Amino acid sequence: MSTTTRAGEEGDASHHAGGGSRVALGLGALGVVFGDIGTSPLYAFREAFHHQHLTVDSTTVLGVASVAFWALVIIISVKYLSLVMRADNRGEGGILALTALVLPRTGPARIGTLVMLGVFGTALLYGDGLITPAISVLSAVEGFEVASSAFKDVVLPLACAILAGLFLVQRRGTAGIGKVFGPVMVVWFTVLGVLGVSQILQHPAVLQAINPINIAHFFAFDPGKAFLTLGSIFLVVTGGEALYADMGHFGRRPIAMAWYGIALPGLMLNYFGQAALRLREPGAVDHQFYGMAPDWAIIPLAVLATMATVIASQALISGAFSLTVQAMQLEFLPRLRIRHTSRHHIGQVYVPLVNWALMVGSIGLVLGFRTSSNLAGAYGIAVTSTMVITSILFFVVARNLWRWSTGKALLVVTPLLLIDLAFLGANIPKIPAGGWFPLLVAAVLFVQMIVWRRGRQLVAIALRRGERPIADALHDFGPPERIAGTAVFLFKDVGKAPPALLSNLRHNQVLHETTIVLSVQTVDAPHVAASERVVVTTVGEGIHQVVMRFGFMEDPDVPAALRSAGELGLSPDEDVTYFVGRESVLSTSIPGMHPMFEKLYVLLHRGADSAARFFKLPPEDVFEVGTHVEI
């Protein structure tokens, strides 16, 4: 008779360990969460007038300022902070976490559509991660050109150099740099507010923009241009998804405290200040953000803006790394090489392939588009699409998880979805002007993610052909000779004999005194409690079936988790040999996937990192056993 026990470490620490005061967390949130949205004043208000060639008068200026104000209030304060961020997956946020939250509670007929939406939204965020560093850094260094035309020829080289340096230091981790992120952003938002107040005092009538009637007047004056202007003014909320994605690092309340305490006031004062400058000087400078500052302050302001944009870029880059790890754990991407840059914070990772791809893409965008104004034409379509998907998934969570009635869910979500769709529609004309680029990036990644997911399913089906329970397989080979030591055979299907185990019995006719058949599973929650980490089932003398569970945001350290299982009796210096299967996948005419996609899967499979490295197995103790799989 088999016996089952659970093993784990005592005193499971929350992934929010360390915590600190809410003030400290709020300060940290300023440095990480609000970098993207905090640098939007560099270009958002300017582009609203530039792209649509709006007539500068009180109707248009107050209308644009009012749209900016209410977009921040409705999308950030209401949608994300008050609603979406309550849809956390055990404390974690982000579109992949939201997708994982939805999947187990939906019927089979709807799972496919929801997966596709969540995966496409994830792919879109990579496109955003390419453009944000490029447009942020470029718009900041353009301030030097405003200060003096002598800087005109160094803007592009300087922007490229800053981006290259930013990506080159990623391998060192962000812990040291992160200590100064918060204070720098406090200075940045304070300067935004001071600049805005200096202009508002010269034209206080601009505060009328708080009244939403100005939006109605703006649309009545020129409905066509007003609608298309939404595509540019939407740039004021481009960091909204970051609030949700980074919730697990800081918590909802510290993020809200930082937002209402300093970020929102600084942004709104600055946007109203830019509006006041437009009203006072209808033919204002192209770079109206810098136009608010006195001449002597432009270069220091450009330096500060560059620091803020580097911080904004760092948040997007780190987010792309974390997103990649989540996608790998949920089997939407092949295993990639990951380096952990902190001994204390599991979420601080470095993914070399993603880093270099982002660097090449961002520098290529700077060289290709050459100005932040041109880049603004490509910016927004990916973010608006992701926000629409988030609203749809939130509706499903509200109905299925929170048990809201259909009427209540529609009453709350429909207005938000209509606003998201309006911004998306206004961004669609940007596609020919550069908006096609993030969509192309997202489409390529989306195909790869879906093909990898489907390919893994087909490989699993192929491996299950001829599978036998562990006890039956051992019986067929008779009582094998037992040798000293511990062997761990990694195999996903619980209760089945791994091909590596069968090969060892067939060729060597031996079995280790302690034989562990290990199934490593990634659950749909971001973290798993230590007490629930390992489940041990004894299936025979010295033979154990072990199920090891990790959350999709955790680092799967198999040796450490095995030694935490006291029932297995493994000592710290135990000599353990790991047997890992490595499939050689061949594309065939067997029905399952289009031949072109099969070839793509085979290519992705060949480039995947080894399971041994991914699960932190000591390389000198690993045996890889090859298996041919036809799909």
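R370 lies in the loop between α16 and α17 (372-376). Its phi is near 70°, a positive value in a residue other than glycine. The model is predicted. The chain has 25 helices and nine strands. Of its 631 residues, 55% count as buried.

**Backbone angles**

- R370 has a positive phi, near 70°, and is not a glycine.
- K616 is not a glycine either, yet its phi is positive, at about 65°.
- The loop that holds K616 runs between α25 (611-614) and β9 (622-630).
- K616 is partly exposed, with a relative accessible area of 34%.

**A helix pair: α7 and α16**

- Two packed helices are described by the angle between their axes and the distance between the axes.
- Helix α7 covers residues 155-168, and helix α16 covers residues 352-369.
- They pack at an angle of about 175°.
- Their axes are 10 Å apart.
- Angles over 145 degrees count as roughly antiparallel, so α7 and α16 are roughly antiparallel to each other.
- From α7, the residues that meet α16 are L156, A159, C160, L163, A164, F167 and L168.
- From α16, the partners are N355, W356, L358, M359, S362, I363, V366 and L367.
- By class, this contact of α7 with α16 has 13 nonpolar residues, two polar residues and no charged residues.

**Salt bridges**

- How many salt bridges does a search of the whole structure find? The search finds four.
- One of them joins the side chains of K79 and D420, at 2.6 Å from N to O.
- K79 sits in helix α4 (residues 58-83), and D420 sits in helix α19 (residues 406-427).
- This pair links distant parts of the chain, 341 residues apart.
- Are K79 and D420 buried or exposed? Both are buried.
- The side chains of E331 and K492 also meet in a salt bridge, at 3.0 Å from N to O.
- E331 is in the loop between α15 (298-329) and β2 (339-340).
- K492 is in the loop between β4 (481-490) and α22 (499-508).
- The E331 and K492 pair again links distant parts of the chain, 161 residues apart.
- E331 counts as partly exposed, at 24% relative accessibility.
- K492 counts as partly exposed too, at 48% relative accessibility.
- R280 and E281 form a salt bridge as well, with their closest N and O atoms 3.8 Å apart.
- E281 is partly exposed, with a relative accessible area of 39%.
- R280 is partly exposed, with a relative accessible area of 29%.

**Nonpolar cores**

- In soluble globular proteins, nonpolar side chains tend to be buried together.
- The largest nonpolar core here has 176 residues.
- Which members of this core touch the most other members? They are F34, L72, W188, I233 and W259.
- Leave aside the neighbours of F34 within four places in sequence, and F34 is in contact with A29, M185, F189, L243, I255, A258, W259 and A263.
- Another core, of 12 residues, lies apart from the largest one.
- I470, F489, L501 and L505 are among the residues of that other core.

**Contacts along the chain**

- Take the contacts between residues at least 6 apart in sequence. Of these, 83% join residues at least 24 apart.

Methods
Residues numbered from 1 in each chain as written. Predicted model: local features only at pLDDT ≥ 70, side-chain atom pairs only at ≥ 80, totals over all residues. Heavy atoms only, no water. Axes fitted to C-alpha atoms, helices over the stretch in contact; angles between N-to-C directions. Helix = DSSP H or I, 4+ residues; strand = E, 2+ residues; numbered from the N terminus. Parallel < 35°, antiparallel > 145°, perpendicular 65-115°, else oblique. Contact = heavy atoms within 4.5 Å. Nonpolar A, V, L, I, M, F, W, Y, C, P; charged D, E, K, R; others polar. Buried < 20%, exposed > 50% of the residue type's maximum accessible area, 1.4 Å probe, protein only. Core = buried A, V, L, I, M, F, W, Y, C linked by side-chain atoms within 4.5 Å.
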